[in-house]
Amino acid sequence: MLKAIVPILCVAVALGYPSYPSLIPNGFSVPNPCGGGIWRGVGHLAQIGSGPLNPFGMAFRDNDHRWNKTLCMLDSDGDGMTNGEELGDSGCHWTEDRPTNLPAARGHPGICEPVGSAKCAGSGFMC
Ligand SMILES: *[C@@H]1O[C@H](CO)[C@@H](O)[C@H](O)[C@H]1NC(C)=O
Ligand SMILES: [Ca+2]
């Protein structure tokens with residue numbers, strides 16, 4: 001039984017999914033800036049949640065995969081809203097251990113929005 005489960009767990013951990021979304025505020029309900037629905041891989045360039053990291057994913061990794069005031073106050077995607085403002089934790093109070101009630105996420109912390117606007121031209125991201 002264990003032999004069958006361990007490889008599956010290893011793959012899940014290596015992909016960073018689905019454990020990472022539980023470590024950030026509103027991690028399971030970040031809006032897709034390329035259209036409706038949810039962006040599942042908040043730290044990834046691909047909506048599905050694998051492959052290369054976006055700027056928020058890199059900052060999350062560099063912050064030891066920890067949501068705290070340091071990561072919360074960064075504007076990783078450079079669109080003028082902090083990561084906390086984008087994820088509905090503008091006061092940077094949410095923690096994994098003591099989650100607070102949050103308003104909905106307002107944007108994506110790793111994709112400059114609005115995608116395709118002049119201010120986002122340098123981000124290189126296209127839908
Ligand atoms: C947030 O966590 C990172 C990584 O552990 C740490 O370097 C940083 O000092 C922390 N920031 C605060 C405000 O505690
Ligand atoms: Ca931002």
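Me: Why is cysteine 34 called partly exposed?
Reply: This is a predicted model, and the label rests on a computed value. The relative accessibility of cysteine 34 is 33%. Buried means under 20% and exposed means over 50%, with partly exposed in between. Therefore cysteine 34 counts as partly exposed.

Me: What makes cysteine 34 and cysteine 127 a disulfide?
Reply: The S to S distance is 2.1 Å. The cut-off is a pair of cysteine sulfur atoms within 2.5 Å. Cysteine 34 and cysteine 127 are therefore joined by a disulfide.

Me: Why is the disulfide of cysteine 34 and cysteine 127 called left-handed?
Reply: The torsion about its S-S bond is about -80 degrees, so it is left-handed. The pair links distant parts of the chain. Cysteine 34 sits in the loop between helix 1 and helix 2, and cysteine 127 in the segment after helix 4 (83-86). They are 93 residues apart.

Me: Is cysteine 127 buried or exposed, and why?
Reply: Its relative accessible area is 61%. Exposed means over 50%. So cysteine 127 is exposed.

Me: How do you know that cysteine 72 and cysteine 92 are joined?
Reply: Their sulfur atoms are 2.0 Å apart. A disulfide needs the pair within 2.5 Å. A disulfide therefore joins cysteine 72 to cysteine 92. The link is left-handed, with -85 degrees about the S-S bond. Cysteine 72 lies in helix 3 (residues 69-73), cysteine 92 in the segment after helix 4. The two are 20 residues apart, and the pair links distant parts of the chain.

Me: Why are cysteine 72 and cysteine 92 called buried?
Reply: Cysteine 72 has a relative accessible area of 0%. Cysteine 92 has 17% relative accessibility. Buried means under 20%. So cysteine 72 is buried, and so is cysteine 92.

Me: What makes the link of cysteine 112 and cysteine 120 a left-handed disulfide?
Reply: The sulfur atoms of cysteine 112 and cysteine 120 are 2.1 Å apart, and the cut-off is 2.5 Å. The torsion about the S-S bond is about -75 degrees, so the disulfide is left-handed. Cysteine 112 is buried, with a relative accessible area of 3%. Cysteine 120 is buried too, at 4%.

Me: How many disulfides does the structure hold, and what pattern do they follow?
Reply: There are 3 disulfides. With bonded cysteines counted along the chain, the pattern is 1-6, 2-3, 4-5.

Me: What makes the backbone of asparagine 26 worth a note?
Reply: Asparagine 26 has a positive phi of about 55 degrees although it is not a glycine. Its place is the loop between helix 1 (2-15) and helix 2 (55-62).

Me: Why is asparagine 26 called buried?
Reply: Its relative accessible area is 18%. The limit for buried is under 20%. So asparagine 26 is buried. Leaving aside neighbours within four places in sequence, its contacts are Leu87, Gly88, Leu102, Pro103, Ala104 and Ala105.

Me: Is aspartate 64 buried or exposed, and why?
Reply: Aspartate 64 has a relative accessible area of 56%. Exposed means over 50%. So aspartate 64 is exposed. Its phi is also positive, about 60 degrees, although it is not a glycine. Aspartate 64 is found in the loop between helix 2 and helix 3.

Me: Which residues are around ligand 1, and of what class are they?
Reply: They are Asn63, Asp64, Arg66, Asn68 and Thr70. By class, the shell has no nonpolar, 3 polar and 2 charged residues.

Me: How do you know that side chains make polar contacts with ligand 1?
Reply: A polar contact is a pair of N or O atoms within 3.5 Å. An N or O atom in the side chain of aspartate 64 is 3.0 Å from an oxygen atom of ligand 1. For a polar side-chain atom of arginine 66, the distance to a ligand 1 oxygen is 2.8 Å. For the side chain of asparagine 68, the distance is 2.3 Å. Taken alone, ligand 1 exposes 360 Å², and the protein buries 51% of that.

Definitions and conventions. Residues are numbered from 1 along each chain as its sequence is written. Chains are lettered from A and ligands numbered from 1 in the order in which they are written. This is a predicted model: local features need pLDDT of at least 70, side-chain atom pairs count only at pLDDT 80 or more; totals for chains, interfaces and linings use all residues. Side-chain values use heavy atoms; hydrogens and water are left out. Helices (H or I, at least four residues) and strands (E, at least two) are DSSP runs, numbered from the N terminus. Buried means under 20% relative accessible area, exposed over 50%, partly exposed in between (1.4 Å probe, protein chains only). Contact means heavy atoms within 4.5 Å. A residue is near a molecule or strand if one of its heavy atoms lies within 4 Å of it. A polar contact is a pair of N or O atoms within 3.5 Å; within protein, one must be able to donate a hydrogen and the other to accept it, and residues adjacent in sequence count only if both atoms are side-chain atoms. Accessible areas come from the Shrake-Rupley method with a 1.4 Å probe; for residues, only the protein chains shown count as cover. Ala, Val, Leu, Ile, Met, Phe, Trp, Tyr, Cys and Pro count as nonpolar, Asp, Glu, Lys and Arg as charged, and the others, Gly among them, as polar.
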